[in-house]
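Student: Hey, I'm new to this one. Can you walk me through it?

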Amino acid sequence: MTDLSHYRNIGIFAHVDAGKTTTTERILKLTGKIHKTGEVHDGAATTDFMEQEQERGITIQSAATTCYWRDHRFNIIDTPGHVDFTVEVYRSLKVLDGGVGVFCGSGGVEPQSETNWRYANESEVARIIFVNKLDRMGADFLRVVDQVENVLGANPLVMCLPIGIEEDFIGLVDLLERKAYVWDDSGLPENYEIVDIPADMADKVEEYREQMIETALEQDDDLLMAYMEGEEPTIEQVKQCIRKGTIALDFFPTYCGSAFKNKGVQMVLDAVVDYLPCPTDVKPQPLTDENGDETGDHAIVSTDESLKALAFKIMDDRFGALTFVRIYSGVLEKGTTILNSYTGKTERIGRMVEMHADDRNEIDRAQAGDIIAIVGMKNVQTGHTLCDVKHPVTLEPMIFPEPVISIAVKPKDKGGSEKMGVAIGKMIAEDPSFRVETDEDSGETILKGMGELHLDIKVDILNRTYGVDLIVGQPQVAYRETITLPVEDSYTHKKQSGGSGQFGKIDYRIKPGEPGSGFTFASSVVGGNVPKEFFPAIEKGFKGMMEEGPLAAYPVLDVEVELYDGGFHAVDSSAVAFEIAAKGAFRQSMPKAGPQIIEPIMKVDVYTPEDHVGDVIGDLNRRRGMIKDQEAGVTGVRIKADVPLSEMFGYIGHLRTMTSGRGQFSMEFAHYLPCPQNIATDVIAAAKELKASK
């Protein structure tokens with residue numbers, strides 16, 4: 001039986017290019033897991049094992065690996081930084097107990113860092129911060145600390161200070177121990193010596209040490225009082241306070257270094273052991289009922305409880321389908337039969353493996369706190385709960401964002417269709433933010449995703465991994481429809497033909513809902529003019545019609561329907577009659593309610609060197625963008641804007657041309673807004689043309 005207090009389930013997350021994967025590589029090297037360090041820019045990083053990752057130098061899938069440091073077992077997940085793959089970060093955070101947020105010493109808090117930080121806050125994951133790349137031009141540790149405070153609204157607890165900066169960066173001062181660590185030029189992590197603190201840093205070290213100790217001791221009133229009276233706490237006492245505050249998310253211990261140059265990574269590993277929670281330190285996962293509402297019970301982390309585990313990732317590789325599972329309580333053994341509470345079906349556990357990126361070690365048993373992979377499960381998808389057959393439970397499920405962009409694809413040759421069908425089936429299981437539909441009229445396959453890069457990589461995987469050659473259409477925007485006027489109306493469905501008839505009369509109000517509310521149905525019928533048992537049928541009728549709006553057959557959003565009166569027939573009324581009445585009512589009233597086309601607006605974050613700011617802003621304005629904010633940094637300017645998705649296709653090419661290749665941007669879905677009249681007219685015309693051509 002393993003001692004759970006020696007477990008650390010951690011994720012490493014950050015903005016694209018802040019050095020997450022390099023940091024993970026260094027951790028694996030230091031913990032003896034790999035002997036030769038792979039570099040991202042050479043396409044040789046251990047955790048970037050997809051061809052697409054190696055070519056682009058970015059992480060796409062979150063990779064899992066296990067290693068040991070100071071007798072503690074680390075289950076580490078290296079997550080992607082690019083905004084199109086945030087779903088990977090989100091689902092990893094869901095099953096982790098702690099995290100390491102990596103920030104670039106010169107870039108600071110970048111757009112994706114904010115998104116990931118927000119996800120981590122929502123998932124209540126304790127974190128330590130590692131400010132990386134201090135050997136880079138423009139690096140400034142204290143400026144990044146300041147940004148963490150002001151941009152992320154977090155409370156960084158500075159644990160060390162750098163000795164030298166940029167090319168003169170040689171080591172660190174550990175504030176708690178008052179020790180200076182200096183590395184030589186060999187680039188080997190173990191080649192450091194402990195020296196006296198440089199004389200010119202002595203005052204600064206004492207100032208920051210005092211701040212750190214005061215903040216830490218706020219976790220323990222007795223120690224704080226004693227400290228105020230001049231009694232110095234022991235290092236152990238300070239560490240206990242820091243651990244307590246870190247787990248409570250009161251502050252985030254902040255370290256610095258250069259992962260690439262192997263400086264400062266040991267301190268981060270020590271901090272993971274000293275300050276990040278073990279599985280029993282975090283709030284237990286809530287259990288839910290079939291509707292996803294919390295029941296008030298929790299999955300207590302203990303090997304004595306019945307089995308509760310969450311499947312958080314499906315991956316298909318050369319050995320077959322792998323289901324990544326976080327075990328919250330109980331024990332999982334090879335050969336046992338478990339229940340998938342989502343499908344109600346049982347499955348037998350065949351092979352279980354402990355992952356090291358894409359290598360694996362077979363295991364026979366896993367327990368609460370473990371993150372493992374199960375080989376060959378049939379009907380399990382991301383977010384499903386696996387549990388004991390005798391004690392069915394459901395863990396809080398994962399919620400994934402809706403796709404905002406789609407492309408039509410078809411195989412170049414006939415034989416490709418079947419191959420494509422199998423491949424897409426596997427890809428949907430792996431990535432819940434990737435959806436596929438078939439257009440029944442044209443026979444085209446529509447791929448839907450989170451952004452151009454997301455779909456670009458999916459097409460690339462279909463081509464290279466599965467050997468399917470595709471003809472790819474233009475990207476399409478996920479337009480929606482809504483209404484602008486309230487309407488009060490009445491509809492009667494009456495049908496009399498041999499045998500029993502059908503009758504349903506409804507009086508209803510349709511009005512615009514709050515943005516983002518989707519569809520809401522309410523009833524204020526009094527006196528039983530419409531019996532209660534028909535309400536679900538009426539709601540179902542309206543809801544079913546929301547799939548196709550009156551203007552261009554796009555799905556309808558943000559509509560409130562209120563049933564306030566009606567009539568029924570003792571013999572002829574039925575649920576079916578009222579459902580048909582609701583459908584007829586939708587068709588009758590929606591055109592009267594001022595329907596309009598709404599388009600997805602993206603939150604765009606552009607980074608550009610200072611001398612190109614005017615060009616970038618002018619270009620965003622031409623794309624109907626609303627500039628929200630401008631922030632000057634040391635190496636350039638960040639521009640935040642809301643821009644319609646339809647105007648953003650191919651933007652990266654334009655941005656690179658304008659900024660001589662130095663600009664970069666990220667975008668994520670923000671909200672829907674009404675389309676300008678001229679664009680709405682084009683969208684409706686295109687929809688009609690498409691319908692006619694079919």
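Student: Okay, is Y181 buried or exposed?

Tutor: Y181 is buried, with a relative accessible area of 15%. Buried means under 20% relative accessible area, exposed over 50%, and partly exposed in between, using a 1.4 Å probe and protein chains only. Keep in mind that this is a predicted model, where local features need pLDDT of at least 70, side-chain atom pairs count only at pLDDT 80 or more, and totals for chains, interfaces and linings use all residues. Residues are numbered from 1 along each chain as its sequence is written, and side-chain values use heavy atoms, leaving out hydrogens and water.

Student: Are W117 and F252 buried or exposed?

Tutor: Both W117 and F252 are buried.

Student: Which residues form a cluster through ring pairs?

Tutor: F103, W117 and F252 are linked that way.

Student: Last one: which ring does the charged end of R509 sit over?

Tutor: The ring of Y564, 4.1 Å from its centre. That label needs NZ of Lys or CZ of Arg within 6 Å of the ring centre and within 35 degrees of the ring normal. Likewise, the charged end of K458 sits over the ring of F434, 5.2 Å from its centre.

How values were computed
Rings of Phe, Tyr and Trp (its six-membered ring) pair if their centres lie within 6.5 Å; planes under 30 degrees apart count as stacked, over 60 as edge-to-face and the rest as tilted.
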